[in-house]
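The following exercises are to be worked with the sequence and the coordinates at hand. Each task is followed by a solution in steps.

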Amino acid sequence: VNEATNAFTTALPGGSYAPAAPASLRNPWFPTDPIQKDVASVLGASAAPVTLSASEQLFAYVNWPGYIPVSMGAAGTNTDWPARYAALEQLSRVTDPAAFAAASARTAFGPIDVFILQRTGPARWTWQPAGSPDPAITFTPAQFSPDAFTVFTNLPGNYVLAVRQPPRSG
């Protein structure tokens with residue numbers, strides 16, 4: 001398996017594979033199309049939310065700004081990956097849902113509007129840095145208050161999606 005093989009064995013946004021992809025080598029599907037649909041249902045089709053994603057595959061298909069790349073090696077030199085990781089780690093320790101909603105809207109690097117995390121247990125939603133000695137950062141479902149986030153837990157591949165609700169006018 002090499003980069004060329006990966007190009008043919010990675011699922012397309014809707015979950016289909018290139019015809020030349022042998023079934024035995026197919027990589028798991030990252031559900032880009034369902035994520036886009038769910039985000040649009042909350043924020044509208046033209047939204048470009050700042051996104052924390054457990055997979056970089058999302059950004060090959062959507063033009064949304066990422067909060068932090070999964071791999072420090074994929075980060076631009078001016079993004080300050082270590083400081084963003086530290087801010088994310090600090091955010092994960094905010095357990096009060098209202099405080100979490102406020103803190104995630106105003107990190108030192110701006111808001112996180114969409115969280116795409118891997119379900120790693122009944123009460124563990126994880127963002128795992130790739131190729132880094134840094135540990136995974138874990139959130140809990142309780143941090144994502146229904147007053148501030150719309151949460152989708154029915155995504156394939158054990159992914160969960162939390163979308164910050166737009167401010168209510170009134």
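Two strands count as paired if DSSP finds at least two bridges between them. By that criterion β2 and strand β3 (residues 124-127) are paired, in the antiparallel sense and over three bridges. The model is a predicted one.

**Exercise 1.** Determine which strands pair with β2, and in which sense.

*Solution.* 
Step 1. Begin with β3, where Q118 stands opposite T126. Two residues lie between β2 and β3, and the two strands form a hairpin.
Step 2. Turn to β6, which pairs with β2 in the antiparallel sense over five bridges. In this pairing V114 has V163 of β6 opposite it.
Step 3. Consider strand β1 (residues 51-53), whose pairing with β2 is parallel and spans three bridges. Here S53 is found opposite I116 of β2.
β2 has a parallel pairing with β1 and antiparallel pairings with β6 and β3.

**Exercise 2.** Explain why the buried residues of α4 lie on the same side of the helix.

*Solution.* 
Step 1. Identify the residues: within helix α4 (residues 97-105), F100, A101 and S104 are buried.
Step 2. Examine their directions: they span an arc of only 100 degrees around the axis, and therefore lie on the same side of α4.
Step 3. Recall the geometry behind this: an α-helix has 3.6 residues a turn, so residues three or four places apart point the same way.
Step 4. List the packing partners. The buried residues of α4 pack against α3 (81-92), β2 (114-121), β4 (137-139), β5 (149-152) and β6 (159-164).
Step 5. Inspect the start of α4, where a side-chain oxygen of D96 comes within 3.3 Å of the backbone nitrogen of A98.

**Exercise 3.** Describe the largest nonpolar core and the contacts of F115.

*Solution.* 
Step 1. The largest nonpolar core has 23 residues, and those touching the most other members are L52, L88, F115, L117, W127, F139 and F144.
Step 2. At least two residues of this core come from each of α3, α4, β2, β3, β4 and β6. The largest share is that of α3, with five residues.
Step 3. Beyond its neighbours within four places in sequence, F115 is in contact with L52, L91, F100, S104, F139, F144, F149, V160, L161 and A162.
Step 4. Another core, of 15 residues, lies apart from the largest one; among its members are F30, A54, W64 and Y159.

**Exercise 4.** Is Q143 buried or exposed, and what does Q143 touch?

*Solution.* 
Step 1. Locate Q143 in the loop between β4 and β5.
Step 2. Apply the cut-off of under 20% relative accessible area for a buried residue. Q143 has 2% relative accessibility and therefore counts as buried.
Step 3. With residues up to four places away in sequence left out, Q143 touches L91, S92, V94, T95, P97 and F100.
Step 4. Check the polar atoms: one in the side chain of Q143 lies 2.7 Å from the backbone oxygen of V94.

**Exercise 5.** Find the salt bridge and state whether its residues are buried or exposed.

*Solution.* 
Step 1. The count comes to one salt bridge. It joins the side chains of D113 and R164, at 3.8 Å from N to O.
Step 2. The pair links distant parts of the chain, 51 residues apart: D113 is in the loop between α4 and β2, and R164 is in strand β6.
Step 3. The relative accessible area of D113 is 17%, so D113 is buried. For R164 the value is 12%, so R164 is buried.

Definitions and conventions: Residues numbered from 1 in each chain as written. Predicted model: local features only at pLDDT ≥ 70, side-chain atom pairs only at ≥ 80, totals over all residues. Heavy atoms only, no water. Buried < 20%, exposed > 50% of the residue type's maximum accessible area, 1.4 Å probe, protein only. Helix = DSSP H or I, 4+ residues; strand = E, 2+ residues; numbered from the N terminus. Arc of directions from axis to C-beta. Contact = heavy atoms within 4.5 Å. Polar contact = N/O pair within 3.5 Å; in protein donor to acceptor, adjacent residues only side chain to side chain. Core = buried A, V, L, I, M, F, W, Y, C linked by side-chain atoms within 4.5 Å. Salt bridge = Lys/Arg side-chain N within 4 Å of Asp/Glu carboxyl O.
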